[in-house]
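Colleague: I have a model open and would like to go through it with you. Can we take it chain by chain?

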Amino acid sequence: MKQAVILIMILMLTAAAHAVPANYIDEMGGVVEEISLLNLLRGLYLSEEQAKKIAELAQEAENIRAGASQEIAQLDSMPSLTRLRDELYTALAEEPPAIRTEVVKLDNRAHEITGVALDKIARLEDEVRNALTHGQQKIVWEFVPCIVPELDFENPVRTGQAEASSRLMPALKLIRETPEDLWKRHGQDYLDHILKVTEQEVGKLTDDVREDMRRRLVKHAWKIRKMKEADFMINRNKLAEDLLLVNREHTLRSGYRITGKISRFLLSPHAARVLPQWVAIHFSKESAGAKIDNSIAATASEALPLAQPIAADPTSLPANPPAPTMQAPAASSPSSVSPVDPKSDQSSLPVENRTADDADTKFWSELVPKSLARLAETPYYNHIYHAFGRTHSQTWFDEEDKYVDISSIITGAGEILNGGRPSYYTLTPGEP
Amino acid sequence: MKSENNFWSISRRSFLQTSALFAGAYALSSASKLLAGNESDFPAQYVLQLPDGRLQCQLCPNLCTPAEGENGTCRARGIRNGQFTSLVYGLPCVIAVDPVEKMPLFHYHVHGPALAISTAGCNLVCQYCQNWQFSQKSPAETANFAMSPSDIVLRAIDMQLRTIGFFYTEPTIYIEYMKDVARLAKQSNIKTVMVTAGYINAEPLKDLFEVIDIFVVGYKGFTEAFYADTIAGKLDPVKNALIAIKDSGRHLEVVSLLIPEKNDDMEVFKAGAEWFVKNLGPDVPWHFSRFVPEFMLKNLPPTPNGVLETARKLAIAAGIKYAYTGNNPGQEGNHTYCPGCSKKVVERLGFKVLRSFLSAGKCPDCGCQIPGVWLDDLPNGNI
């Protein structure tokens with residue numbers, strides 16, 4: 001008897017050790033998403049007024065989602081859906097189940113409710129956008145979900161510092177610095193690639209809008225490549241910003257406005273949870289900052305342990321990063337996709353012993369992914385999934401770019417374990 | 001204020017005419033050649049021939065006497081063909097558009113950002129320099145843009161920028177170039193800002209008062225030992241420069257980067273603050289910036305916000321009316337408060353002015369005049 005009890009206890013403990021809550025992966029993903037959001041908030045330096053306003057709007061967005069969710073629940077689609085599913089097991093191919101028409105109607109209605117909710121949230125997004133400075137909007141637009149934020153994100157441009165580079169800068173540099181021969185072969189494809197990434201970001205564009213954007217990109221690339229070096233230096237941040245100008249209204253095939261990254265991060269269900277806490281911690285009278293201030297030591301060196309000093313010899317310093325060149329590329333016709341005068345090749349790419357094939361391979365395998373590494377975050381493919389804040393990000397994972405997005409990997413792994421197929425395997429994202 | 005409103009009263013054509021005249025005079029002068037290469041051969045000013053025949057640069061307290069083919073400490077001036085030469089005239093290595101708040105300049109509102117330029121070289125060796133990639137280099141080691149003074153001013157006009165900043169490295173080292181740019185800018189009603197360590201001798205500084213509108217001076221530390229150990233300079237000349245600028249009536253703001261273990265001893269700081277109030281008065285804005293590990297001081301931690309706030313409080317206690325913290329966006333010390341009623345009169349976030357409540361530079365609540373140049377029509381800040 002005693003042995004049996006011990007055996008049962010061992011079995012129970014073993015079972016407990018292996019039992020994983022069904023929503024464990026979702027929970028992990030949720031915490032990762034909150035970490036990511038906190039990283040963003042730390043980089044935005046919201047004022048008290050801004051933080052409170054956005055927290056309110058995030059709550060409002062949550063209410064809109066709850067309302068839409070309730071409306072969809074009232075449709076009571078589940079019996080019809082399950083009946084269609086069950087009938088599909090046995091129905092003959094030439095005789096589709098009659099219930100299908102009803103299910104399509106219900107599904108369309110659910111999409112309509114969702115679209116209306118998205119429109120409402122998009123209006124809230126406008127309010128958030130108005131509450132943010134231009135610089136903050138740019139940070140949100142360029143933010144990529146991460147557990148470890150990039151160094152320059154934690155240390156933004158400082159007083160007296162010469163360089164301020166956008167995260168779009170790698171794409172800008174690739175356009176400008178690709179040698180003429182390589183650009184002739186791949187320039188248009190690269191611009192199409194940028195367009196594709198943009199479309200993944202903002203949703204499927206209408207044909208007209210896509211064509212307009214394509215033409216604009218070609219012109220913009222021509223401008224970037226023909227500019228004199230001094231003009232490029234002065235205007236590079238603006239050029240980078242203009243690279244992905246998309247009118248987010250009236251551009252999507254679905255007809256509804258799609259919400260952008262401001263909603264994705266600051267009006268998400270995670271934001272509705274995180275922002276009130278952020279406001280309470282940072283802007284209450286006895287804030288964490290005030291506590292730190294009260295306990296501050298007379299000198300910073302007393303307060304913090306210091307690392308061992310490094311050699312003060314300038315010769316031991318890291319190598320000088322690439323500096324701008326004096327050479328200015330010559331202009332050519334904007335109608336051409338390969339706009340740079342061959343003489344003005346300012347490539348930073350190594351030329352020696354390089355064959356065309358090597359250069360082509362390197363262009364697509366290394367330079368292109370790197371240039372778009374910080375852009376290709378594709379949070380949503382599915383309209384309803386999107387609207388309810390079930391985030392599902394896709395990123396280029398590149399250690400050199402110093403951000404780590406494991407959210408998609410965890411959730412993707414969870415889906416694979418459950419026999420599903422993570423959406424980042426989808427080659428042609430579904431239309432919202 | 002009137003001149004601000006009439007800024008664009010000078011047309012591009014009249015500017016071009018002025019520039020053409022200037023360029024003609026410039027071309028006729030013996031020192032007109034701009035080298036398109038890495039070094040210019042513009043004759044340096046402020047040079048003294050010593051009794052033994054050597055040439056000594058009188059521009060800054062370093063008083064360099066390089067031999068033929070050698071450069072001074074700043075790397076931007078040297079002896080070429082027996083002549084003391086500015087090696088960087090017309091050869092900026094950095095040209096960018098930046099908000100003036102980045103300099104930092106808080107009490108002088110301008111419409112929009114500034115065109116900022118810098119050449120290679122510096123007459124100091126700050127161990128924490130964040131622009132060391134070109135401040136500790138000679139023009140032969142950097143990639144430069146061949147831009148004459150009129151090129152710079154025309155570029156500013158084309159981009160509708162109303163301010164030109166001499167920034168990032170020590171502008172003193174390219175004083176000949178700076179003066180020519182500033183002179184042309186003045187003719188075109190463009191304001192000029194010199195962001196300097198104040199490590200300059202009295203005579204060249206006096207000449208700058210004629211052409212530079214605004215000075216932002218780095219009061220980098222509060223002891224001679226700090227200047228000697230950390231930035232390879234001397235404190236006294238900087239103090240003299242600060243007093244001279246103050247006395248000149250030009251707009252002055254002061255910035256101090258507080259570095260853990262180097263210049264964050266609050267007892268020493270108090271003495272520095274007392275000197276500041278006694279010699280510069282309570283109205284000169286003083287910015288305390290957060291250090292972020294750079295160059296030779298990567299072993300030190302960033303300055304905690306608490307240290308910046310403590311310094312600000314001590315400065316206010318010493319009598320300074322406008323003390324700010326910087327490089328720490330979102331903090332109380334980023335804003336301007338009325339010394340009369342403590343109302344927040346200018347609200348900032350990072351380098352952005354979010355809101356200005358001032359009317360003709362006066363507090364809307366108590367009417368206290370805030371020193372500086374203020375624009376009432378700053379469009380919801382300079383966002």
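Colleague: What share of the residues in chain A is buried?
Modeller: In this predicted model, 42% of the 432 residues in chain A are buried.

Colleague: And how many helices and strands does chain A have?
Modeller: Chain A has 18 helices and zero strands.

Colleague: What about contacts between residues at least 6 apart in sequence in chain A, how many of them join residues at least 24 apart?
Modeller: In chain A, 76% of those contacts join residues at least 24 apart.

Colleague: Let's look at a helix pair. At what angle do H8 and H11 of chain A cross?
Modeller: Helix H8 (residues 169-177) and helix H11 (residues 229-243) of chain A cross at roughly 125 degrees, and their axes come within 9 Å. An angle between 115 and 145 degrees is neither roughly perpendicular nor roughly antiparallel, so H8(A) and H11(A) are oblique to each other.

Colleague: Is that crossing left-handed or right-handed?
Modeller: The crossing of H8(A) and H11(A) is right-handed.

Colleague: Which residues meet there?
Modeller: From H8(A) there are A:Met169, A:Ala171, A:Leu172, A:Ile175 and A:Arg176. They meet A:Glu229, A:Phe232, A:Arg236, A:Asn237, A:Leu239, A:Ala240 and A:Leu243 of H11(A). By class, the contact has eight nonpolar, one polar and three charged residues.

Colleague: On to chain B. How many helices and strands there?
Modeller: Chain B has 10 helices and 16 strands. Of its 383 residues, 61% are buried.

Colleague: Which residues have the most contacts inside the largest nonpolar core?
Modeller: They are B:Ile164, B:Phe215 and B:Trp286, and that core has 90 residues. Its largest share, seven residues, comes from helix H5 (residues 175-187) of chain B. There is another core apart from it, of 35 residues, including A:Leu40, A:Ala58, A:Val274 and A:Leu275.

Colleague: Why would nonpolar side chains be buried together?
Modeller: I can only give the general pattern: in soluble globular proteins, nonpolar side chains tend to be buried together.

Colleague: Back to B:Phe215. What does it touch?
Modeller: Leaving out residues up to four places away in sequence, B:Phe215 touches B:Met194, B:Leu205, B:Leu208, B:Phe209, B:Ile245, B:Arg250, B:His251, B:Leu252 and B:Glu253.

Colleague: Now the backbone. Where is there a cis peptide bond?
Modeller: A cis peptide bond joins B:Met103 and B:Pro104, with omega about -5 degrees. B:Pro104 is in the loop between strand E6 (94-98) and strand E7 (114-118) of chain B.

Colleague: Which residue has a positive phi although it is not a glycine?
Modeller: B:Asn327 is one of them, with a phi of about 60 degrees. B:Ala360 also has a positive phi, of about 55 degrees, and is not a glycine.

Technical notes:
Residues numbered from 1 in each chain as written. Chains lettered and ligands numbered in written order. Predicted model: local features only at pLDDT ≥ 70, side-chain atom pairs only at ≥ 80, totals over all residues. Heavy atoms only, no water. Core = buried A, V, L, I, M, F, W, Y, C linked by side-chain atoms within 4.5 Å. Buried < 20%, exposed > 50% of the residue type's maximum accessible area, 1.4 Å probe, protein only. Helix = DSSP H or I, 4+ residues; strand = E, 2+ residues; numbered from the N terminus. Contact = heavy atoms within 4.5 Å. Axes fitted to C-alpha atoms, helices over the stretch in contact; angles between N-to-C directions. Parallel < 35°, antiparallel > 145°, perpendicular 65-115°, else oblique. Left-handed = near helix turned anticlockwise from the far one by under 90°. Nonpolar A, V, L, I, M, F, W, Y, C, P; charged D, E, K, R; others polar.
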